[in-house]
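Take a moment to turn the model before reading on.

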Amino acid sequence: MTQSAAASDARPVEHYDILVMGAGPAGAAAALTAARHGMSVALIDRRRFPRDKLCGGGITGRCAAALERLLGHPLPGHLAEERGTFEFHAHGASLGTVDGVPPIHLTTRRAFDTYLQSTAIAAGADDRSGQKPTGIDPGKCRVTLDSGATLEGRILIGADGVASTTARSLFGRAYDPHQVGFAMEVEAPPEQDTPDRVRIDFGAAEWGYGWHFPKSGSATIGVGGLHGRNPEMRAALETYLRGLGVDPSMQKVKGAFLPFGAFRRIPGHGRVLLAGDAAGLVDPITGEGLAHAIDSGRMAAEAATEALAEDRPETALPLYRKSLGPIHGALRHARALRLVIYAPPLKAGFIRAFRDSRTLRHDYLRMLGGQREYADIMAALLRRLPRHLSRSLLAPARAH
Ligand SMILES: Cc1cc2nc3c(=O)[nH]c(=O)nc-3n(C[C@H](O)[C@H](O)[C@H](O)COP(=O)(O)OP(=O)(O)OC[C@H]3O[C@@H](n4cnc5c(N)ncnc54)[C@H](O)[C@@H]3O)c2cc1C
């Protein structure tokens, strides 16, 4: 980091190769990668760590692979618990139980995010957590903090989540309210009967689903889906909780927006790159965002490092966009497949196909495990759907 005189007050501007706004998984991944490449990097977050973040804490096989690419080793075992049995339900009916597929790991974001943020700091990133940005000038890659400091980067990576201030400074808004998702969760006491089973309920929300993630100290239970299709999400959560035998009045409910398939085709502008939720990189079927946040943060830092090595910071954005190609492709496929899974005329057919096809259930979980792509699921589903759809139309199921 170097310093130069500020234009208007006595405190000098602090110069870095890369500024990272937001120290969640995307920002920590970016800062860690940049620091390991020898860049000077400031990792800014308005919150001090450890801090909570509303999330199921589901680490899929895809996410575990992204973590290993980032860290160079698997996530330390004490940060996550393995779950290998999955139950699927819709509208109170069981669609089947699956095991013998890639397991999922469950974590708490308080511990997980603190681990990633502190790993980035240990690698050399400058810790600017607990300081709120009061101004951002994307043209200069300059950020002013409420501590009075002014930081300037040659490149700025905006990883400040779904309501990204960085994205707003570039585009006027962080997300499209018609396409954003919304989810509500509670941390309930752990269940005694089936403490190790992850449960997914396709009927719990419109254009979304419900989940029950059993952890050792608590069960994270939530519902989420397209915000515009779920004006009564709190009522949907309460119904879901009652169905699981959990008294809603005893729970502290929290809600948060999340991107739901509307990713930014061009993830930034000028010398500013957006990563993770700030770039809209959340799966619109599963709501999974951790894997893409970690991969995109790493890729943004790699593109920035390459561009700065050639002293051409303006080339970082096209380099980054190119490396995001496979993630954008997967999200496009997911958006198309979402119509088959969640659109009212097709949903009943999907639920029947899912109930009747062990292969489809396994494919779905292998997709979460990173062993199948959406294109494979789409092909498998399209082979089965006509039969199930015609049966649904002749004898409508309870799913609408
Ligand atoms: C209810 C719910 C359940 C979910 N469950 C799962 C799940 O089980 N598995 C999964 O993979 N994904 C899940 N997701 C999605 C996942 O939480 C996100 O995709 C993921 O957190 C994105 O990481 P990120 O680093 O981009 O953003 P975030 O994790 O949101 O981190 C952004 C960081 O930026 C900071 N920040 C925000 N504004 C500013 C600012 N102006 N200045 C400085 N710092 C700022 C914040 O304090 C935060 O630390 C869930 C989401 C929700 C809402």
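A crossing is called left-handed if the near helix is turned anticlockwise from the far one by less than a right angle; clockwise makes it right-handed. Keep that in mind for this predicted model. Helix 2 passes helix 3 in a left-handed crossing. Helix 2 covers residues 61–71, and helix 3 covers residues 109–122. The two pack at an angle of about 20°, and their axes are 12 Å apart. Angles under 35 degrees count as roughly parallel, so helix 2 is roughly parallel to helix 3.

Now turn to the ligand.

Several polar atoms of the protein face atoms of the ligand. Arg109 places a polar side-chain atom 2.8 Å from a ligand oxygen. The side chain of Lys53 has an N or O atom 3.5 Å from an oxygen atom of the ligand. Gly56 takes part through its backbone: a polar atom there is 2.9 Å from a ligand nitrogen. On its own, the ligand has 1,000 Å² of accessible area, and the protein covers 94% of that.

Two backbone details remain. Most residues other than glycine have a negative phi, and most peptide bonds are trans. The bond from Phe49 to Pro50 is cis, with omega near 0°. Pro50 sits in the loop between strand 3 (41–45) and strand 4 (58–59). His91 has a positive phi, near 50°, and is not a glycine. The loop that holds His91 runs between strand 6 (85–90) and strand 7 (93–98).

Definitions and conventions. Residues numbered from 1 in each chain as written. Predicted model: local features only at pLDDT ≥ 70, side-chain atom pairs only at ≥ 80, totals over all residues. Heavy atoms only, no water. Polar contact = N/O pair within 3.5 Å; in protein donor to acceptor, adjacent residues only side chain to side chain. Areas by Shrake-Rupley, 256 points an atom, 1.4 Å probe, with all protein chains shown as cover. Axes fitted to C-alpha atoms, helices over the stretch in contact; angles between N-to-C directions. Helix = DSSP H or I, 4+ residues; strand = E, 2+ residues; numbered from the N terminus. Parallel < 35°, antiparallel > 145°, perpendicular 65-115°, else oblique.
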